[in-house]
Amino acid sequence: MLKLDKSHALSEEDLLRGWESDEVKVSVLCICFNHEKYLSQAIESFLAQETDFAFEIVIHDDASSDRSAEIIAYYHALYPKIIKPIVQVENQYSKAPNSVFLIGAERCKSNFIAICEGDDYWLSKDKLQKQYMALKSKREINLSFHSYRTESGKFSASLLGGGASERIVSLNKMIVSGPTFVALSSVMIKKSTLINALSRCINMPIGDLFIQLYGSYPNGSLYVGGIFSYYRVLSEGSWSGKAANFGADMKFSHWVATN
């Protein structure tokens with residue numbers, strides 16, 4: 001029997017009462033495949049967000065073979081106005097890898113989308129509020145990100161850096177950073193930009209690097225100071241886990257397509 005940890009999240013009624021209006025300002029896009037071990041933690045970290053604006057949670061389950069769909073149904077029953085499930089009966093990744101993101105993005109109501117896969121989660125209750133306000137104030141910027149933790153602790157790429165200061169990271173630096181990509185659990189991006197990026201990399205095996213580079217064109221990306229999310233590396237069903245199983249030819253093809 002699934003049980004919601006009430007210490008982490010308010011009821012749907014309490015969340016709705018705290019919002020200034022019912023207009024959705026941010027859509028949380030969660031991509032899930034066999035994330036039974038982690039999914040509740042991810043969803044509760046979304047529901048724990050303290051904002052003065054309305055947000056929705058779009059969860060796209062790609063025909064998981066574990067209990068992920070059951071977990072999504074449980075939370076949807078508790079938060080029917082906030083959680084919007086998309087549950088596939090046939091795996092979409094096998095047809096076009098990045099379709100799993102595109103299907104979810106097209107369902108989102110907001111112009112701003114915060115991404116977090118079902119095996120990751122957010123560490124801070126004010127992540128959405130801070131990141132939305134920061135990105136909204138920079139009209140020329142399409143994507144923002146922040147620092148995050150992994151199993152080994154704080155992640156800090158040599159070029160992208162960390163710290164508490166907000167700043168613009170140029171497209172050149174995002175390109176040169178290469179494998180030390182920004183974790184998707186830290187990304188907030190404009191909906192139109194995300195859909196355009198996904199449409200161009202729909203068949204690429206891994207799309208996160210392409211999303212961050214496309215999202216940083218032409219004016220760079222916005223780094224929002226703080227460590228607001230957790231990124232699991234090589235977990236079951238994760239993109240990093242899929243990448244670890246690619247052969248040299250697949251990795252090379254991905255690099256060529258991105259460049």
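My entries on ground rules, cysteines and salt bridges follow.

**Ground rules**

I am working with a predicted model, where local features need pLDDT of at least 70, side-chain atom pairs count only at pLDDT 80 or more, and totals for chains, interfaces and linings use all residues. Residues are numbered from 1 along each chain as its sequence is written, and side-chain values use heavy atoms, with hydrogens and water left out.

**Cysteines**

How many disulfides does the structure hold? I found zero disulfides, taking a disulfide as a pair of cysteine sulfur atoms within 2.5 Å. I then checked Cys-116: the closest cysteine sulfur belongs to Cys-30, and at 6.2 Å that is too far for a bond.

For me, buried means under 20% relative accessible area, exposed means over 50%, and partly exposed is in between, with a 1.4 Å probe and protein chains only.

**Salt bridges**

I reminded myself that side chains of opposite charge can pair when their charged atoms come close. My rule for a salt bridge is a side-chain nitrogen of Lys or Arg within 4 Å of a carboxyl oxygen of Asp or Glu. By this rule I get nine salt bridges, and I looked up some of them.

*Arg-67 and Glu-70.* Their side chains meet in a salt bridge, at 3.2 Å from N to O. I have Arg-67 as partly exposed at 32% relative accessibility, and Glu-70 as partly exposed at 42%.

*A network.* I also saw that Glu-13, Asp-14 and Arg-17 are joined into one network by salt bridges that share partners.

*Glu-13 and Arg-17.* The closest N and O atoms of this salt bridge are 2.8 Å apart. Both residues sit in helix H1 (residues 12-17), four residues apart, which I jotted down as about one turn of the helix. My helices (H or I, at least four residues) and strands (E, at least two) are DSSP runs, numbered from the N terminus. Glu-13 is exposed at 54% relative accessibility, and Arg-17 is exposed at 53%.

*Lys-84 and Glu-56.* This salt bridge comes out at 3.2 Å, N to O. Lys-84 lies in strand S3 (residues 83-87) and Glu-56 in strand S2 (residues 54-61), so the pair ties together parts that are 28 residues apart in sequence. I marked Glu-56 as buried, at 2% relative accessible area.
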